[in-house]
Amino acid sequence: MRALYWNGVNDLRVGTVKDPEIVNPHDCVLRVSLSTTCGSDLHFIDGYIPTMKAGDVIGHEFMGVIEDVGPEVKRVKKGDRVVVPSFITCGQCWYCKNKLHSLCDNTHPKPELQEPVFGYPTAGIYGYTHAFGGYAGAHAQYVRVPFADNDCFKVPEGVADETALFLSDAAPTGYMGADFCNIQPGDVVAVWGCGGVGLMAQQSARLMGAERVIAIDRYPERLQMAREHAGSETIDYTQVDSVLEVLREMTGGRGPDACIDAVGMEAHGTGSQYAYDRVKQALRLETDRGQALREAIMTCRKGGTLSVLGVYGLIDKFPMGAIMNKGMTVRSAQQHGQAYMDRLLTHAQKGELNPAYLATHRFSLEDGPRGYDMFKHKTDGCVRAVFAP
């Protein structure tokens with residue numbers, strides 16, 4: 001089959017690789033209909049998350065049609081159109097039973113690569129380094145899905161493929177981030193980032209009852225999407241002296257009730273702190289540029305909630321004192337997609353959450369490297385590049 005694979009730092013290629021097979025009786029093989037880029041992919045493409053190997057097929061956000069199933073698969077069958085959350089879950093461990101699916105105890109075959117950094121291994125994920133399991137990704141014609149009964153969700157009639165696609169990762173991540181905020185009537189929620197996850201977090205905060213949502217970014221077309229699709233008020237951080245001061249003014253001096261970081265380790269920014277991060281990251285003295293995260297911490301009101309969706313590794317100058325002295329609640333996770341999928345599919349069926357507009361550019365799989373280049377550099381207003389194998 002044809003697939004998009006990592007060949008080295010900033011070197012993606014398309015080639016012929018071995019077809020996936022049923023390995024365990026609870027597996028299925030999925031014929032991929034659509035897959036998409038994700039901002040977290042850029043971290044290993046740029047070399048900030050190690051343990052990639054040349055030839056690794058990438059991609060973790062996808063949907064398609066089941067091609068074959070193992071003998072113990074009961075809930076789904078060949079021919080079903082399904083969406084698959086990006087993290088792989090066994091459904092039986094303590095974490096899965098407590099709806100903490102991205103922390104599954106049983107789907108990481110290489111825990112020794114995570115334990116020195118995290119203390120304990122998390123769940124495996126498709127196409128996202130050997131530190132996260134080494135599973136083949138979904139930018140391919142076919143992909144193996146372990147634990148198919150837990151991880152394949154049938155797409156209802158009337159929900160288009162491009163809508164279902166983003167229920168794999170962008171929508172559940174954003175929805176989870178808003179859920180973490182415990183939104184109450186009248187709350188103001190600020191969201192850093194207007195990419196796919198940030199836009200989904202903004203729309204989800206609205207669905208959960210936020211009175212106001214404020215979006216922070218620098219790209220005019222993304223800020224426009226935030227206004228049009230999420231009803232957000234917007235701040236272009238390149239046009240103000242201080243995001244903190246602007247948000248303080250917009251909230252009557254109090255600050256947002258909750259802040260969501262949907263940016264992560266390669267945040268852009270302005271000023272001396274950003275320049276410091278750029279230098280340290282370039283010299284590999286830290287993996288993260290933490291501008292968005294620091295701003296969210298400093299801006300959030302006393303006793304407020306910080307929801308961290310951006311991917312991080314090792315960050316410098318983390319303002320723990322502000323979190324402690326302000327009495328903030330911090331919640332973070334990789335997405336527990338299986339816990340939210342029924343709700344998301346219902347929202348999609350009702351037209352309350354339709355993320356299809358994120359698919360600003362569509363490519364064949366053979367044009368995968370060009371799609372990622374456009375996505376990475378945000379040329380031509382690219383929010384997400386979608387691949388159709």
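Is Asn182 buried or exposed? Asn182 counts as exposed because its relative accessibility is 55%, where exposed means over 50% relative accessible area, buried under 20%, and partly exposed in between (1.4 Å probe, protein chains only).

## Basis of the model

The model is predicted: local features need pLDDT of at least 70, side-chain atom pairs count only at pLDDT 80 or more, and totals for chains, interfaces and linings use all residues. Residues are numbered from 1 along each chain as its sequence is written, and side-chain values use heavy atoms, with hydrogens and water left out.

## Positive phi angles

Asn182 lies in the loop between helix H6 (170-180) and strand S9 (188-192); helices (H or I, at least four residues) and strands (E, at least two) are DSSP runs, numbered from the N terminus. Although Asn182 is not a glycine, its phi is positive, at about 50°. Most residues other than glycine have a negative phi.

Asn10 likewise is not a glycine and has a positive phi, of about 55°. The residue is found in the loop between S1 and S2. Asn10 counts as partly exposed, because its relative accessibility is 46%.

## The S2-S1-S4 sheet

An open sheet is formed by three strands in the order S2-S1-S4, with antiparallel pairing; two strands pair if DSSP finds at least two bridges between them. Strand S2 (11-16) and strand S4 (56-57) are the edge strands, each pairing on one side only. Strand S1 (residues 2-8) is joined to S2 by six bridges in the antiparallel sense. Within this pairing, Trp6 stands opposite Leu12 in S2.

Helix H14 (residues 368-377) packs on the sheet and touches S1 and S2, contact meaning heavy atoms within 4.5 Å. The direction of H14 makes about 155° with that of S2; axes are lines fitted to C-alpha atoms, for helices over the stretch in contact, and angles run from 0 to 180 degrees between N-to-C directions.

## The parallel pair S9 and S10

Strands S9 and S10 run parallel and are joined by five bridges. Ala190 has Ile214 in S10 as its bridge partner. Strand S10 (residues 212-217) is mostly covered, with five of its six residues buried.

## Salt bridges

The count comes to 15 salt bridges, each being a side-chain nitrogen of Lys or Arg within 4 Å of a carboxyl oxygen of Asp or Glu. One of them joins the side chains of Asp11 and Arg13 at 3.1 Å, N to O. Asp11 counts as partly exposed at 23% relative accessibility, and Arg13 as partly exposed at 40%. Arg31 forms another with Glu67, where the closest N and O atoms are 3.2 Å apart. Because Arg31 lies in strand S3 (residues 28-36) and Glu67 in strand S5 (residues 61-69), this pair ties together parts that are 36 residues apart in sequence. Arg31 is partly exposed, with a relative accessible area of 34%, and Glu67 is partly exposed at 28%.

Asp80 and Lys154 also form a salt bridge, with the closest N and O atoms 3.8 Å apart. Asp80 is in the loop between S5 and strand S6 (81-84) and Lys154 in strand S8 (residues 153-154), so the pair ties together parts that are 74 residues apart in sequence. Asp80 counts as buried at 9% relative accessibility, whereas Lys154 is partly exposed with a relative accessible area of 41%. Lys77, Asp80 and Lys154 are linked in a network of salt bridges.

## Surroundings of Cys300

Cys300 is found in the loop between helix H11 (291-299) and strand S13 (305-308). With a relative accessible area of 2%, Cys300 is buried. Not counting residues up to four places away in sequence, Cys300 touches Pro256, Asp257, Ala258, Cys259, Thr305, Lys326 and Met328. Cys300 and Leu247 are 53 residues apart in sequence, and their C-alpha atoms are 9.0 Å apart in space.

## A nonpolar surface patch

Phe318, Met320 and Met324 make a nonpolar surface patch of about 330 Å². Patches are made of residues with over 30% relative accessible area and no salt bridge, like charges being joined within 9 Å and nonpolar side chains (Val, Leu, Ile, Met, Phe, Trp, Tyr) within 5 Å; accessible areas come from the Shrake-Rupley method with a 1.4 Å probe, and for residues only the protein chains shown count as cover. Met324 is found in helix H12 (residues 320-325) and counts as exposed at 60% relative accessibility.
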